[in-house]
Amino acid sequence: MAENIIVYGLVWSGVYALLAIGFSLIFGVARIVNLAHTAFYMLAAYLIFHLNTAAGLNVYLSVFLAIIIVTITGTLSYRLIIARIRQHESTTLIVTIALAVIFQEAVLKGFGGTFVSGPKLISGKTGIFGVGVLNQHLLTFGVVLLLLLATWAFLMKTRTGVAIRATAQDREVANLMGINVPGMEMITMAISAALAAIAGALVAPLGVLTPGMWMHPLIMILAVVVLGGLGSLKGSLIGAFILGFSEILVVFLAPSGSFLKTSVALTIMLIVIMIRPEGLFGIVFEEERG
Amino acid sequence: MNVLSTYLSRFYKFFGGEIFVLPSRTTALLLCLFLLIFPLTSPNDFTLRVLIIASIYAIFAASWDLLSGFTGQINFGHAVFFGVAAYTAGLLNYNLGLAPWATIPIGALAAVLMGLIIGIPCLRLRGTYLAFATLAFPLILLGIIQAIPNITYGELGIPRVDPLAGSRVAIYYIVFPSMIVLGFIMWKIADSKIGLIFHAIREDEVTARASGINTTRYKLLAFCLSGLFAGIAGGLYAHFVNAGPSTLELLLSFQVIIWAVFGGIATIYGPIAGVFILYPLQKIVLTRYLGVPAELTMLIFAFIVLIVLLFMPQGLITWLRDKTEKICPRCKLQNVATRSKCRVCTAELD
């Protein structure tokens, strides 16, 4: 029981962290609430499955292709659709939801609604402290750690990363300093979609795929970013671990836990933001200049 | 006789001066009249059912607009009002056998209470934080409802809720006029001093407070009023369809925002028109007349919403209104776009 809680808690917290950081990045840089974010994750998982089984490609090749395709789809949908209506906040919400529904229905139409499970990347078990852990779980957690570190290094150490952070802090001043603001937003969107796609690749072998699988992670990452504080990557990471573990704890320990897992996670989020309205590590954004 | 003619001339003046001067109001009146006599043309049951549900959702979408469109407090979990009222009405009816005329107001009161429960903690939050916090409430309730099936009847919802009336046509004549009356009341509220204060809170809360407006009280009022109307819609829905988990789902919360934004927010009539365009389109036109397979309707629906909002980001009805009407710069009254002078104060229109 305890080992299951730890393994599943780490795996799912990691997946939520990847998704939440991508969501948080694009919100911080372009102020876009991209409700289609987890639809990219669903799309990637399905693409991997179908490239692997229907097209008969190698697992690794199909993962690679799926990540590329989803990144391009995400960037294009930002460039062609979201960027045009982003100054209308509520319209952006609806348009991104419409996008998510379009992806869902396209997947349903193209790949069918039957429950499928993705191909395992690696098989076997490893003993850690006398507990057998699936290698797939270890891989998932390892990739999550690696990606989080890579994202952090990219944002902190490279010139582009600094430019992205500058854009997030103040668009206008960033623009005055010669930073290509729309370009930075495109890059951020690509990174965000790629992170979602990789999360999808990690989840595909773990459970069943359904076209509606984007809904639950969407709720969770919304709760995660609010809990951690909008625009704060550290907050998203810690929030993902708090909510991921609370979900797994409820599932394993509470009666009829699988019904209550979302309720408990959301209640924790509500309690935290009632005490700290800007989340755990939230930055209070300066009022946008008109 | 004299009294009658006075009333008639007053009636005529009202219609001539307030309704027939604007094509939009004339169209709205004609559409209402058409939908009022529509059941007399003996349509099939399915069409009536779609129109009844559209009326219920129209009340619901307009109530979202009253809260989120006017005060700018974006509510992502509006289904909580709908679901709480539907479950209250349904459970009272099923367990205690109360009639719809009693259960619907009690359900609406429960939704008002819910408005207070959501409103008080959410007063400290703003913008995106508020939107995501409100998202949590219906989902928390949904989890609780599914976890205690012996009280709430779990996944399937309440087994049997009495219908509003005996026949479909009678139900139509209860629901549709109540939609018009409630919509009119909401429009009047939005047009009154309260509505003006709601506007002020959306535009600039700090300035509103500096002008001596108790913004806390008015925001709570917005939550309660919106809850009241959404609750009435929820009660009607429970007695027409049923009270089940679908009344609290995330998709319903999103759906109401889609309708409202599609029609145009901060107008009340926009969301109502949005529902009456999109809901029958999705349920009747696409499947019945165009022969689109059922699994594609959602895709086409999403595409229509996407395309319309790409070209009219303010919403369809707002776009139409701005094309056909001008606002007088002096007295702020609506005028037909073809006029060069205001119809009341004769100020030059630009």
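In this predicted model, A:A223 touches A:L243, A:A265, A:L266, A:M269 and B:A136, if residues up to four places away in sequence are not counted; two residues are in contact if their C-beta atoms, placed from the backbone, lie within 7 Å. Local features need pLDDT of at least 70 and side-chain atom pairs count only at pLDDT 80 or more, whereas totals for chains, interfaces and linings use all residues. Residues are numbered from 1 along each chain as its sequence is written, while chains are lettered from A and ligands numbered from 1 in the order in which they are written.

A:A223 is also one of the residues that touch the most other members of the largest nonpolar core, which holds 196 residues, and A:Y16, A:A44 and B:F229 are among the others. Such a core is a set of buried Ala, Val, Leu, Ile, Met, Phe, Trp, Tyr and Cys residues joined through C-beta atoms within 7 Å, where buried means that 20 or more other C-beta atoms lie within 10 Å of the residue's own. Helix α1 of chain A (residues 2-30) gives the most to this core, with 17 residues; helices here are DSSP runs of H or I with at least four residues, numbered from the N terminus.

Within chain A, helix α5 (residues 135-157) and helix α6 (residues 159-169) pack at an angle of about 80°, with their axes 5 Å apart, the axes being lines fitted to C-alpha atoms over the stretch in contact and the angles running from 0 to 180 degrees between N-to-C directions. The two helices α5(A) and α6(A) are therefore roughly perpendicular to each other, a term that covers angles of 65 to 115 degrees. On the α5(A) side A:F154, A:L155, A:M156 and A:K157 take part, and they meet A:G161, A:I164 and A:R165 in α6(A).

Turning to the two chains, the contact between them takes 36 residues from chain A and 33 residues from chain B. On the side of chain A that touches chain B, α4(A) gives the most, with 13 residues.

Chain B is itself divided into two domains, with bounds that come from an automatic or database domain assignment.

The C-alpha centres of domain 1 and domain 2 of chain B lie 31 Å apart.

Note on methods: Angles under 35 degrees count as roughly parallel, over 145 as roughly antiparallel, 65 to 115 as roughly perpendicular and the rest as oblique. A residue is buried if 20 or more other C-beta atoms lie within 10 Å of its own, exposed if 12 or fewer, and partly exposed in between; C-beta atoms are placed from the backbone.
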